[in-house]
Amino acid sequence: MEELSGLDASFLYLETPKMPMHIGAVAVIEGSLKFDDFRQYVSERVHTVEKLTQKLVTVPLSLDRPYWVEDPDFDINMHMHRTALPRPGGWKELRYLASRLFSQQLNRDRPLWEFIFVEGLDSIPQVPKGSVALISKVHHSGFDGKSGADLMSMLFDASPTPRSPKPAIPKERKEIPGPVGLMAKSAYHFITRPTKLPGLLWDTGKATLKAGYMTRAQGISMPTMPFNAPKTRFNDTVEMERVWNSTILDIHRVKALRKVVDGATLNDVILAICAGALRRYLLNKGELPDKPLVAMVPVSTRTAEQKNAMGNQVSAMYVQLATDVADPIKRFEKIQINTMVGKLYQDAIDAKSLMGYAELIPFGLAGVAARFYSRAAIAKHHNPLFNVVITNVPGPQIPIYLAGHKLIVNMGTAPIFDGMGLIMPICSYNGTISISPTSSANLMPDLDMFTRYIRESANELELAVQEKLAGKAAIDALMKSE
């Protein structure tokens with residue numbers, strides 16, 4: 001038995017039928033992969049990722065966090081489904097299917113994942129006719145973006161010839177503990193958890209001193225704090241229906257944009273592109289705030305020893321997106337400075353130890369509070385924690401294969417909830433970057449237009465960079481001639 005961490009448990013008590021808490025992906029696979037072959041392929045490998053064969057057991061009265069246990073009745077057929085796109089089998093049909101599937105909660109009575117095998121991709125540009133898509137859903141309580149990437153390593157190979165699967169080691173079948181056993185474990189945790197508080201307070205004190213030193217002695221301004229973001233249409237209560245879409249960019253063209261700002265990273269460029277799309281969308285609505293929007297950027301705290309561990313190992317960095325700046329280059333420059341400051345504070349403050357406070361929150365109380373927050377629509381009555389989540393999951397820059405069939409593109413999704421109705425997962429793979437916004441239909445019914453704005457923002461920034469570099473080159477040539 002493995003108890004959920006405080007952070008993992010938070011994705012359970014936030015979950016309601018209108019707020020499913022799974023992460024997922026839409027992967028397009030080249031060639032006519034057969035469903036039976038795919039099911040056999042996964043069956044031979046599913047044992048290599050323990051969360052795929054484990055389910056949650058709940059402590060009576062929700063007095064404590066649930067536990068992962070091996071599911072004695074595990075049946076892979078309950079997790080693998082087959083469907084086909086209606087004609088003409090284009091991008092419109094695929095994104096509608098993905099939106100509908102991402103709207104649906106996973107069944108908590110069995111391991112928390114599903115693979116949906118989609119046939120009939122016959123009219124998508126640059127995708128060979130007869131290709132298939134794999135729509136995956138895994139619960140956020142068991143996986144974050146990094147451990148989701150580790151799950152991909154189970155499915156995909158670097159060669160068209162699949163690796164031989166590791167042999168399954170027979171596991172001793174154990175009975176799931178009854179209510180008395182679970183209550184006994186909970187009683188132990190109630191006694192031992194408060195002993196962690198002195199260490200957390202000590203870590204908090206050190207972090208506060210470090211932050212104060214950076215602010216006073218080094219003159220580095222504090223990054224944006226929670227609840228200081230402006231109110232937008234994204235920061236309202238969400239409904240059940242999800243909307244999902246994706247735009248694909250060339251990673252080499254995106255990387256080339258870094259040269260216009262000294263010290264800029266690929267992540268800075270991506271934030272600048274997303275910021276341009278957000279500005280354009282809100283201007284179109286007549287709703288652009290005077291204050292810059294704030295993005296929450298998840299930062300992995302996973303160590304080398306935790307590389308293959310499941311669960312969530314993340315903290316948060318808050319970045320102002322300079323959406324109040326019209327010039328794309330100046331906006332990019334401000335974002336680069338904001339992310340640099342955010343990283344300095346991330347390094348100074350031990351975010352991993354501070355996340356330990358989540359371990360002290362009683363599960364039952366947190367669940368009641370989350371449900372009350374949603375039912376009372378409290379998100380309508382306070383400033384947002386932040387406006388949008390932008391999360392980057394780097395992938396391999398070489399072709400990878402599923403059962404001998406090449407992955408063409410991989411596009412992500414992640415949960416939204418009341419007060420935070422837009423998330424933008426970024427997935428890079430083999431020369432491409434996918435930016436895949438997910439929202440609620442009541443907040444962004446025109447998500448397709450916003451997705452188009454992402455590409456237009458990238459083109460706008462690229463043109464501005466080219467003009468600036470051309471001007472600089474002309475000045476340098478003039479100086480040399482004199």
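In which sense do strand 13 and strand 14 (residues 405-413) pair, and over how many bridges? Strand 13 and strand 14 pair in the antiparallel sense, over two bridges. Two strands count as paired if DSSP finds at least two bridges between them. Strands (E, at least two residues) and helices (H or I, at least four) are DSSP runs, numbered from the N terminus.

This is a predicted model, in which local features need pLDDT of at least 70 and side-chain atom pairs count only at pLDDT 80 or more, while totals for chains, interfaces and linings use all residues. Residues are numbered from 1 along each chain as its sequence is written, and side-chain values use heavy atoms, with hydrogens and water left out.

## The open sheet

Strand pairing in a sheet runs through backbone hydrogen bonds, either parallel or antiparallel. Here, six strands form an open sheet with the order 5-6-7-2-14-13. Its pairing is mixed. Strand 5 (80-84) and strand 13 (401-402) are the edge strands, each pairing on one side only. Tyr-401 has Lys-406 of strand 14 as its bridge partner.

Helix 3 (residues 91-102) packs on this sheet. The helix touches strand 2 (22-29), strand 5, strand 6, strand 7 (131-139) and strand 14. Contact here means heavy atoms within 4.5 Å. The direction of helix 3 makes about 20° with that of strand 7. Such axes are lines fitted to C-alpha atoms, for helices over the stretch in contact, with angles from 0 to 180 degrees between N-to-C directions.

## Strand 15

Where do the side chains of strand 15 point? Leu-422, Met-424, Ile-426 and Ser-428 point one way, and Ile-423, Pro-425, Cys-427 and Tyr-429 the other way. All are buried, meaning under 20% relative accessible area; exposed is over 50%, and partly exposed lies in between (1.4 Å probe, protein chains only). Eight of the eight residues of strand 15 (residues 422-429) are buried, so the strand is largely enclosed by the rest of the structure.

Strand 15 has several partners. Strand 12 (residues 388-393) pairs with strand 15 in the parallel sense over five bridges. One of the residue pairs is Ile-390 with Met-424. Strand 17 (residues 438-440) pairs with strand 15 in the antiparallel sense over two bridges, and Ile-423 has Thr-438 as its bridge partner. Strand 16 (residues 432-435) is also antiparallel to strand 15, over four bridges. Strands 15 and 16 form a hairpin with two residues between them. In the turn, Asn-430 has a positive phi of about 45°.

## Aromatic rings

Rings of Phe, Tyr and Trp (its six-membered ring) pair if their centres lie within 6.5 Å; planes under 30 degrees apart count as stacked, over 60 as edge-to-face and the rest as tilted. By this rule there are nine aromatic pairs. One of them is the tilted pair of Phe-38 and Phe-115, 6.3 Å centre to centre with 45° between the planes. Phe-38 lies in helix 2 (residues 35-43) and Phe-115 in strand 6 (residues 113-121), so the pair ties together parts that are 77 residues apart in sequence. Phe-38 is buried at 1% relative accessibility. Phe-115 is buried at 1% as well. Ring pairs link Phe-35, Phe-38, Trp-113, Phe-115 and Phe-117 into a cluster.

Arg-45 lies over the face of Tyr-41, at 3.8 Å from the ring centre. A charge sits over a ring if NZ of Lys or CZ of Arg is within 6 Å of the ring centre and within 35 degrees of the ring normal.

## Salt bridges

The structure holds 19 salt bridges. Each is a side-chain nitrogen of Lys or Arg within 4 Å of a carboxyl oxygen of Asp or Glu. The table lists some of them.

| Asp-36 | Arg-39 | 3.1 Å |

Asp-36 and Arg-39 are three residues apart in helix 2, about one helical turn. Asp-36 is partly exposed at 47% relative accessibility, and Arg-39 is partly exposed at 27%.

Glu-460 lies in helix 12 (residues 447-481) and Arg-280 in helix 8, so their pair ties together parts that are 180 residues apart in sequence. Glu-460 is partly exposed at 27%. Arg-280, Arg-452, Glu-456 and Glu-460 are linked in a network of salt bridges.
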